[in-house]
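Hello,

Here is the structure I promised to pass on. Please open it first, then read the notes below.

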Amino acid sequence: MPQQDAAMIATKAINHIRCLGSVRIFARFLVNTINPGNALAHSRETLECLGAGIKCCMEPKPAAANISESSLIGGEFLISDARTALTLLDLSQSAASTGIHARRVGEAYKAYRSVLSFMQRLDPTAEQMNILNNEVETLAQRLKAAGMHVD
């Protein structure tokens, strides 16, 4: 009976973890369930903490909240993509061969075009837009210096 109880608790916790995307909570859950002394009590406590005031996928969010969250995540993704392109340009400078150099510059250019394309479709926050504009400007300058034709 306790094993079935623990399995049910683990399933619920994993569903909550998927909703929250929290590795830290998952790690805490694992530590608590591995502890043989009070595994079940700790698991229940963890689930109660997870469920207290947290809305997850079992309680759908309003459309406006989903759009806002998507824009925020999209903005962060674009910033990461622009920074990855800058890193590719850094790597191209230390490439051992001209082929590797050209490939890295080409990959950076593709990322640059991708960021520009998605910037028009997403609605990042003002702070994200400021960061993106700075990163894209730096990226364009560095691509031009590497010999790429940038609009």
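A salt bridge here is a side-chain nitrogen of Lys or Arg within 4 Å of a carboxyl oxygen of Asp or Glu. By that rule, the side chains of E107 and R104 meet in a salt bridge, at 3.8 Å from N to O. Keep in mind that this is a predicted model.

**Overall**

The protein chain has six helices and zero strands. Along the sequence the pattern reads α-α-α-α-α-α. There are 151 residues, and 26% of them are buried. The accessible surface of the chain is about 9,900 Å², with 58% of it on carbon and sulfur atoms. Take the contacts with a separation of 6 or more: 64% of them join residues 24 or more positions apart.

**Salt bridges**

How many salt bridges does a search of the whole structure find? It finds three.

- E107 and R104 sit three residues apart in helix α5, so about one helical turn separates them. E107 is partly exposed, at 30% relative accessible area. R104 is also partly exposed, at 25% relative accessibility.
- E135 pairs with R83, and their closest N and O atoms are 3.2 Å apart. E135 counts as buried at 15% relative accessibility. R83 counts as partly exposed at 42%.
- R142 pairs with D90, with the closest N and O atoms 2.6 Å apart. Here too the pair links distant parts of the chain, with R142 in helix α6 and D90 in helix α4, 52 residues apart. R142 is partly exposed at 24% relative accessibility. D90 is partly exposed, with a relative accessible area of 41%.

**Helix α6**

Helix α6 covers residues 126-145. Its 20 residues should span 28 Å at 1.5 Å a residue, and the end C-alpha atoms are 29 Å apart, which agrees. Its buried residues are Q128, L132, E135, V136, L139, A140 and L143. Seen down the helix axis, they fall within an arc of 140°, so they line one face of α6. On the other side, A126, E127, K144 and A145 are exposed. The cover over the buried residues includes α4 (63-93) and α5 (98-121). After α6 comes G147, with a positive phi near 95°.

**Helix α5**

Helix α5 has 24 residues. From first C-alpha to last it reaches 35 Å, close to the expected 34 Å. V105, A108, A111, Y112, V115 and M119 are buried in α5. The buried residues of α5 pack against α4 and α6.

**Two residues to look at**

S92 is in helix α4. Is S92 buried or exposed? S92 counts as buried, because its relative accessibility is 4% and the cut-off is under 20%. Leaving out residues up to four places away in sequence, S92 touches H101, R104 and V105. R104 is also a partner in the salt bridge with E107.

V150 lies in the segment after α6. V150 counts as buried at 7% relative accessibility. Leaving aside neighbours within four places in sequence, V150 is in contact with Y112, A140, L143 and K144. V150 and Y112 are 38 residues apart in sequence, yet 9.3 Å apart in space, C-alpha to C-alpha.

Best wishes

Notes: Residues numbered from 1 in each chain as written. Predicted model: local features only at pLDDT ≥ 70, side-chain atom pairs only at ≥ 80, totals over all residues. Heavy atoms only, no water. Helix = DSSP H or I, 4+ residues; strand = E, 2+ residues; numbered from the N terminus. Buried < 20%, exposed > 50% of the residue type's maximum accessible area, 1.4 Å probe, protein only. Contact = heavy atoms within 4.5 Å. Areas by Shrake-Rupley, 256 points an atom, 1.4 Å probe, with all protein chains shown as cover. Expected span 1.5 Å × (residues − 1). Arc of directions from axis to C-beta.
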